[in-house]
Amino acid sequence: MAAALAVATAACALPLVARFLTTPAPAAVLAAFGTLAVLPTLVVLTLSAATRHLATAVAAAVLALAQLALLVPQVASDRAPDGTPLTVMTVNLNLGAADAAAVVEAVRRHRVEVLSVQELTVDAERRLDAAGIGTALPYKVTDPGGSASGTGLWASRPLARLAPWQMTFRSSAAALTVAGRRVVVRSVHPFPPRWSDVSRWRADLTALRTSVAGDDDQEVTVLLGDLNATGHHRELRRVMAEGGWRDAGELVGAGVVRTWSPSRGVPPLL
């Protein structure tokens with residue numbers, strides 16, 4: 001029993017360790033489970049305490065505290081900054097197969113002013129148009145593509161197309177005016193990490209970091225998209241730190257917002 005609990009504790013620690021690694025390749029996948037890992041850690045802690053395995057209980061308790069400490073910023077909101085609100089939404093269309101009517105309905109329900117989409121195909125754009133996206137958000141800058149490569153932006157006010165950042169998938173970009181101020185919006189979609197190969201994922205995040213560092217536009221910029229990474233990934237934290245970015249969900253203390261499901265019918269996990 002003691003050996004099993006020790007192995008379980010070590011397994012629960014893997015996502016936390018992976019948070020600080022850039023190699024090997026599985027680290028990127030393991031780090032994504034950083035938020036979920038606290039749950040099995042608490043189970044191991046409870047079992048260790050119940051069976052009086054003190055050493056394992058202490059180790060699991062320390063691990064759980066470290067994992068929970070990383071979640072605190074996600075639930076502790078900052079003071080709302082002064083300024084004009086801009087309601088934005090981003091959605092991955094699942095290789096273009098998403099329900100276009102549901103997307104448009106969500107835009108209307110939440111009074112979205114800027115919509116960013118990823119995995120936009122020509123057919124998906126056609127179905128969004130048929131569902132009335134042009135009525136809700138009449139201005140657009142779109143770059144549809146095959147499979148997962150396309151992106152696009154829709155807005156309630158005029159958009160001026162900007163040069164995209166170069167990554168594996170397309171990255172639509174535009175500028176709009178909000179309360180007399182120019183705001184840049186970018187739809188980004190880095191390549192996803194694979195268990196056996198993260199080279200393109202790392203290359204895209206490096207390209208994102210380089211683009212951020214080389215961006216001389218001094219206006220407000222909003223990155224919207226499917227980043228295929230979380231704050232548990234060292235690569236994304238580096239992008240945010242060097243570019244001075246803040247996570248919108250963290251700013252408002254939205255908590256753990258799960259957005260990714262491995263397949264249809266499975267609740268979002270990550």
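Which residue in strand 2 is the bridge partner of Thr90? Hold that thought for a moment, everyone, and thanks for coming.

A word of caution to start: what you see above is a predicted model. The chain has 270 residues, and 39% of them count as buried. Its C-alpha trace spans about 65 × 40 × 35 Å along the principal axes. In terms of secondary structure, we have 10 helices and eight strands. Take the contacts between residues at least 6 apart in sequence: 62% of those join residues at least 24 apart.

Now, back to my opening question. The partner of Thr90 is Ser116, in strand 2.

Four strands make up an open sheet, and if you read across it the order is 1-2-4-3, with mixed pairing. At the edges sit strand 1, residues 88–92, and strand 3, residues 139–143, each of which pairs on one side only. On average, neighbouring strands in this sheet are turned by 10 degrees against each other, ignoring direction.

So what packs on this sheet, touching strand 1 and strand 2? That would be helix 5, residues 100–109. The direction of helix 5 makes about 165 degrees with that of strand 1.

Next, a pair of helices. Please find helix 3, residues 38–50, and helix 4, residues 54–75. They pack at an angle of about 155 degrees, and their axes are 9 Å apart. Angles over 145 degrees count as roughly antiparallel, so helix 3 is roughly antiparallel to helix 4. Their crossing is left-handed.

If you like to look at side chains, have a browse through this contact. From helix 3, the residues taking part include Val38, Leu42, Leu45 and Ala49. On the helix 4 side, Ala57, Ala60, Ala64, Leu68 and Leu71 are among them.

One last stop, at a single residue. Ser211 is found in helix 8, which covers residues 199–214. Is Ser211 buried or exposed? Its relative accessibility is 17%, and because buried means under 20%, Ser211 counts as buried. A polar atom of the Ser211 side chain lies 2.8 Å from the backbone oxygen of Ala207.

That's my tour. Happy to go back to any part of it!

Note on methods. Residues are numbered from 1 along each chain as its sequence is written. This is a predicted model: local features need pLDDT of at least 70, side-chain atom pairs count only at pLDDT 80 or more; totals for chains, interfaces and linings use all residues. Side-chain values use heavy atoms; hydrogens and water are left out. Helices (H or I, at least four residues) and strands (E, at least two) are DSSP runs, numbered from the N terminus. Buried means under 20% relative accessible area, exposed over 50%, partly exposed in between (1.4 Å probe, protein chains only). A polar contact is a pair of N or O atoms within 3.5 Å; within protein, one must be able to donate a hydrogen and the other to accept it, and residues adjacent in sequence count only if both atoms are side-chain atoms. Two strands pair if DSSP finds at least two bridges between them. Axes are lines fitted to C-alpha atoms, for helices over the stretch in contact, and angles run from 0 to 180 degrees between N-to-C directions. Contact means heavy atoms within 4.5 Å. Angles under 35 degrees count as roughly parallel, over 145 as roughly antiparallel, 65 to 115 as roughly perpendicular and the rest as oblique. A crossing is left-handed if the near helix is turned anticlockwise from the far one by less than a right angle, and right-handed if clockwise.
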